[in-house]
Amino acid sequence: MTGEDRLLETVFARRPDRWRYAAKAAFVGVVPVTVVMLILMVVQGAPGEAYVILGEVVAGGWLLYALIYGLFHDRHIALEAGPRTLAEVDVSGSIEVPLFELDAVTVVNWARLGLCLRLAKSNSSLVVPFGLMEGNQRLWDLVYHGVRHSVAAGAKADERTRRLLGLPGLTPAEQS
């Protein structure tokens with residue numbers, strides 16, 4: 001949080017999509033090793049057993065490292081909410097959005113996270129899984145009231161988002 005808001009609620013959870021990160025890291029590491037191995041074999045003219053063995057050892061080592069690191073490295077979601085802002089806190093900093101000054105609110109469906117709420121303001125956006133907010137009623141209340149206020153003040157929200165969140169529909173003037 002920026003320090004100007006006092007912290008009212010915080011929630012912390014482990015990302016359910018860590019398998020995807022581990023598999024992607026393993027794939028991204030093994031492909032370049034395979035390409036380099038194939039180039040060396042073509043340049044040498046004949047498939048040398050030394051290059052094949054070296055490639056297998058390096059690719060296997062990278063695969064094990066990527067899988068172990070990807071599965072056991074802590075990839076957590078930490079949300080902090082103040083009276084006016086919501087922030088996702090990470091080791092490298094935080095992404096903050098002002099709850100009562102949003103430009104757009106959308107309900108999105110991400111394969112591994114399920115239904116998520118995408119909150120956007122200018123250049124920053126934050127995607128928050130509904131499952132993360134379900135366990136903390138006060139956090140949900142803070143976020144929901146900010147969303148309702150922002151939509152009433154003119155933030156964009158499609159019909160699906162309005163229906164799922166129980167927000168008022170578009171007026172005829174807004175529809176045109």
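**Figure 1. The whole chain.** From the N terminus on, the elements run β-α-α-β-β-β-β-β-β-α-α-β-α-α. The model is predicted. Its secondary structure comes to 6 helices and 8 strands. The protein has 176 residues, and 34% of them are buried. Its accessible surface is about 10,800 Å². Carbon and sulfur atoms account for 61% of that surface. Take the contacts between residues at least 6 apart in sequence: 57% of these join residues at least 24 apart.

**Figure 2. A four-stranded open sheet.** The 4 strands lie in the order β7-β6-β5-β8. Their pairing is mixed. Strands of a sheet pair through backbone hydrogen bonds, either parallel or antiparallel. Which strands form the edges? They are β7 and β8, and each pairs on one side only. Strand β8 covers residues 156-157.

**Figure 3. Strand β5 and its partners.** Strand β5 spans residues 104-110. With β6 the pairing is antiparallel, over 7 bridges. With β8 the strands run parallel, and 2 bridges join them. Look at A104 to see both partners. A104 stands opposite A120 in β6. A104 also stands opposite K156 in β8. One place along, V105 stands opposite L119 in β6. In a regular strand the side chains alternate between the two faces of the sheet.

**Figure 4. The largest nonpolar core.** This core holds 25 residues. Which of them touch the most other members? They are L86, L117, L119, V147 and L165. Several elements each supply at least two residues of this core: β2 (76-81), β5, β6, β7, α3 (130-134) and α4 (137-152). Helix α4 gives the most, with 6 residues.

**Figure 5. Close-up of L165.** L165 is one of the core residues that touch the most other members. What does L165 contact, leaving aside neighbours within four places in sequence? The list is V105, V107, L117, F130, W140, Y144 and V147. Two names on it, L117 and V147, also touch the most other members of the core.

**Figure 6. The salt bridge K121-D103.** The count for the model comes to 1 salt bridge. K121 pairs with D103, and their closest N and O atoms are 3.8 Å apart. K121 lies in strand β6, while D103 lies in the loop between β4 (93-98) and β5, so the pair ties together parts that are 18 residues apart in sequence. Side chains of opposite charge can pair when their charged atoms come close. K121 is partly exposed at 23%. D103 is partly exposed at 35%.

Figure 7. S122 sits between β6 (114-121) and β7 (124-129). Is S122 buried or exposed? S122 counts as exposed because its relative accessibility is 60%, and the exposed class starts over 50%. S122 and D103 are 19 residues apart in sequence. In space their C-alpha atoms are 6.9 Å apart.

**Figure 8. A nonpolar patch on the surface.** Which residues form this patch? They are F27, V28, V31, V35, I39 and V43. Together they have about 560 Å² of accessible area. One of them, V28, is placed in helix α1. That helix covers residues 18-44.

Conventions. Residues are numbered from 1 along each chain as its sequence is written. This is a predicted model: local features need pLDDT of at least 70, side-chain atom pairs count only at pLDDT 80 or more; totals for chains, interfaces and linings use all residues. Side-chain values use heavy atoms; hydrogens and water are left out. Patches are made of residues with over 30% relative accessible area and no salt bridge: like charges are joined within 9 Å, nonpolar side chains (Val, Leu, Ile, Met, Phe, Trp, Tyr) within 5 Å. Accessible areas come from the Shrake-Rupley method with a 1.4 Å probe; for residues, only the protein chains shown count as cover. A salt bridge is a side-chain nitrogen of Lys or Arg within 4 Å of a carboxyl oxygen of Asp or Glu. Buried means under 20% relative accessible area, exposed over 50%, partly exposed in between (1.4 Å probe, protein chains only). Contact means heavy atoms within 4.5 Å. A nonpolar core is a set of buried Ala, Val, Leu, Ile, Met, Phe, Trp, Tyr and Cys residues joined through side-chain atoms within 4.5 Å. Two strands pair if DSSP finds at least two bridges between them.
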